[in-house]
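Please examine the sequence and the structure shown below. The paragraphs that follow lead through them step by step.

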Amino acid sequence: MQQMDTSDVTCHVRTFKAGVLASVGHDLLLRVTRLTLHMVGQPRRLKATFDAQSLVVVCAMKGGQRLTEALSPRDRKEIERNVARQVLRSDAFDEICFVSEPLDAGLPPRVIGDLTLLGLCRPVEGEVQRVGDRLEARVDLDQRNFGIAPFSAMFGALRVRPLVQILVTAPASLFVGARV
């Protein structure tokens with residue numbers, strides 16, 4: 001069984017601002033720093049495990065562009081603390097897990113499977129595309145489907161939209177045998 005981690009795989013989470021004070025807030029790019037991906041079972045399925053306590057702020061975003069200097073180290077730590085404690089409740093739910101539907105018939109343009117987050121298992125699906133020797137999967141995830149109230153501050157005048165975007169990039173070689 002071939003297993004990959006963050007030395008081979010990246011997982012980013014993009015959040016988008018909303019609310020009356022959205023103009024003073026930032027969209028965010030977060031990165032999962034501890035994860036594993038591997039194929040399991042017969043028929044073969046992709047299993048991805050993410051450490052809920054390992055999300056870090058990469059940067060603020062505006063119009064799809066990275067704003068590397070927009071957040072202070074203190075801001076980053078506060079955001080990371082809020083994500084861990086209030087959003088993901090990682091003290092009680094330290095693992096996020098995805099298991100795909102069978103992939104032995106080849107990798108479809110969409111990946112479909114079950115995501116377990118905050119103790120709730122829900123079906124999710126996302127788009128997959130091959131970029132050179134890597135595969136990119138994008139899932140638009142509605143936090144409310146997992147009982148997550150999107151983060152808000154200033155009495156709701158600044159908040160995160162319910163829909164977040166997950167982007168996982170992995171070597172296509174992980175899927176050898178799945179006829180990618």
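Helix H1 (residues 73-87) lies across strand E4 (27-32) and strand E7 (55-62), and runs at about 115° to E7. Helices (H or I, at least four residues) and strands (E, at least two) are DSSP runs numbered from the N terminus; contact means heavy atoms within 4.5 Å. Axes are lines fitted to C-alpha atoms, for helices over the stretch in contact, with angles from 0 to 180 degrees between N-to-C directions.

This is a predicted model, in which local features need pLDDT of at least 70 and side-chain atom pairs count only at pLDDT 80 or more, while totals for chains, interfaces and linings use all residues. Residues are numbered from 1 along each chain as its sequence is written, and side-chain values use heavy atoms, leaving out hydrogens and water.

Twelve strands form an open sheet with antiparallel pairing, in the order E1-E5-E6-E9-E10-E11-E12-E15-E2-E4-E7-E8. Strands E1 (3-4) and E8 (65-67) stand at the edges with a single partner strand each, so one side of each has no neighbour in the sheet. Two strands pair if DSSP finds at least two bridges between them. Five bridges join E6 (residues 45-51) to E9 (residues 95-100), where Asp-51 stands opposite Glu-95. Strand E9 is also joined to E10 (residues 110-117) by four bridges, and Val-99 has Asp-114 as its bridge partner in E10. Five bridges likewise join E11 (residues 120-131) to E12 (residues 134-142), with Gln-129 opposite Glu-136.
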